[in-house]
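Please walk me through this structure, step by step.

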Amino acid sequence: MVHLKSEREITLLREAAVLVSKTLAVVARAVAPGVTTKELDRLAEEYILDHGATPAFKGYKVGSVVFPATLCTSVNDAVVHGIPNDLPLEEGDLLSVDCGVVLDGYVGDSAYTFAVGDISEEDRMLCRTTYEALEAGVAQAAAGNRTGDIGYAVQTLCEAEGYGVVKDLVGHGVGRHLHEDPQIPNFGRRGTGRKLKAGLTICIEPMINRGGAAVRTEPDGWTIRTADSLPSAHYEKTVVVRRDGPEVLTDFSLIEAELDEVPYRAMEGMKDS
Ligand code: MG
Ligand code: MG
């Protein structure tokens, strides 16, 4: 069932989304060769708890498997849902960090892919295209459009570059729950899928592989990796569908203020709150 949000709920969702952006900014400041993803996880958890919220992913269950950490940290060929560990990050790694919080009963959810030191030109292009695909998807989040319009925008942009669009995992509605209806696939046909109505709040999150689209799950039950072991990138924003277009609740500018280099600048005229 799709739940359209009141302005009061949207205000609460914005506060949760901005707290996630601030948490990812704390992570961005700390990412460097030699740092472990467990250290990043501890920083994020402390920051979230210090701001009156709780981590949304820690304790999240799928069947009988429980996610043990605050962040999903997915390095190189890990696409999403990587578990923070004690391995030091290395120069040239691609680190996707996904973070969720619950603040005053509402969920914020966002992801960003970081370069650890200097990354390869191929990986830089992958990040840039994934980021552009996110922006293209967000631009379709207007009342009257359909979920397939978002998926089509993401898919065509990435496949034109020869990248694999992950289809086993999708974006989603967000509100009091981390995963609400409708699903927001990163692929589709224009004019198909669920109709987007004003007040719908969704997470758009392309997961894009430098190689093929196929993925596999690690024995840990969580980590999703590319089947061909090539790197993957992941960016995610929370967006409100408005009558006159998308309103972005996530604030990437907070994260990007901490970075030397950003893959992409927001499109001219984009409504970024
Ligand atoms: Mg997420
Ligand atoms: Mg999500």
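Three strands make up an open sheet, ordered 8-12-15, with antiparallel pairing. Its edges are strand 8 (164-165) and strand 15. Each of these has a single partner strand, so one side of each is left without a neighbour in the sheet. Strand 8 runs antiparallel to strand 12 (residues 207-209), and two bridges join them. Within this pairing, Gly-164 stands opposite Asn-209 in strand 12.

A word on confidence comes next. This is a predicted model. The protein has an average pLDDT of 95, and 97% of the residues score at least 70. Residues 266-273 are another matter: pLDDT stays under 50 there. The model has 20 contacts beyond four places in sequence for that stretch. Where pLDDT is low, predicted coordinates should not be read in detail.

Now turn to strand 4 (residues 71-75). Four of its five residues are buried, so strand 4 is largely enclosed by the rest of the structure. Strand 4 pairs with strand 6 in the antiparallel sense, over five bridges. One detail of this pairing is that Val-75 has Leu-95, in strand 6, as its bridge partner.

Which residues hold the magnesium ion (ligand 1)? Its protein donors are Asp-98, which gives two OD atoms, Asp-109 (OD) and Glu-236 (OE). Asp-98 lies in strand 6 (residues 94-103), while Glu-236 lies in the loop between strand 15 (232-234) and strand 16 (237-242). The pair therefore ties together parts that are 138 residues apart in sequence. Asp-98 has 7% relative accessibility, so it counts as buried. Glu-236 is buried too, with a relative accessible area of 0%.

Asp-109 in strand 7 (residues 106-115) and His-172 in strand 9 (residues 171-173) are 63 residues apart, and the pair links distant parts of the chain. Asp-109 and His-172 are both buried. How far apart are the magnesium ion (ligand 1) and the magnesium ion (ligand 2)? The distance is 3.1 Å, and Asp-109 coordinates both.

The whole structure holds seven aromatic pairs. One of them joins Tyr-112 and Phe-114, with ring centres 5.1 Å apart. Their planes stand at 35°, so this pair is tilted. Both residues lie inside: Tyr-112 counts as buried at 1% relative accessibility, and Phe-114 counts as buried at 2%. Tyr-112 also pairs with Tyr-235. This pair is edge-to-face, with 4.9 Å from centre to centre and 85° between the planes. Tyr-112 is in strand 7, Tyr-235 is in the loop between strand 15 and strand 16, and 123 residues separate them, so the pair links distant parts of the chain. Tyr-235 has 0% relative accessibility and counts as buried.

Tyr-112, Phe-114, Tyr-131, Tyr-235 and Phe-252 form one aromatic cluster. A charge meets this cluster at Phe-252. There, the charged end of Lys-237 sits over the ring, 4.8 Å from its centre. Elsewhere, Lys-167 lies over the face of Phe-187, 5.9 Å from the ring centre.

Finish with an exposed residue. Arg-243 is found in the loop between strand 16 and strand 17 (245-248). Is Arg-243 buried or exposed? At 71% relative accessibility, Arg-243 counts as exposed. Which residues does Arg-243 contact, leaving aside its neighbours within four places in sequence? They are Ala-143 and Ala-198. The C-alpha atoms of Arg-243 and Lys-197 are separated by 7.8 Å, although the two residues are 46 residues apart along the chain.

Conventions. Residues are numbered from 1 along each chain as its sequence is written. Chains are lettered from A and ligands numbered from 1 in the order in which they are written. This is a predicted model: local features need pLDDT of at least 70, side-chain atom pairs count only at pLDDT 80 or more; totals for chains, interfaces and linings use all residues. Side-chain values use heavy atoms; hydrogens and water are left out. Donors are N, O and S atoms within 2.8 Å of the metal (3.2 Å for Na, K and Ca); water is not among the atoms, so sites may look incomplete. Buried means under 20% relative accessible area, exposed over 50%, partly exposed in between (1.4 Å probe, protein chains only). Contact means heavy atoms within 4.5 Å. pLDDT is the predictor's confidence in each residue, from 0 to 100. Two strands pair if DSSP finds at least two bridges between them. Rings of Phe, Tyr and Trp (its six-membered ring) pair if their centres lie within 6.5 Å; planes under 30 degrees apart count as stacked, over 60 as edge-to-face and the rest as tilted. A charge sits over a ring if NZ of Lys or CZ of Arg is within 6 Å of the ring centre and within 35 degrees of the ring normal.
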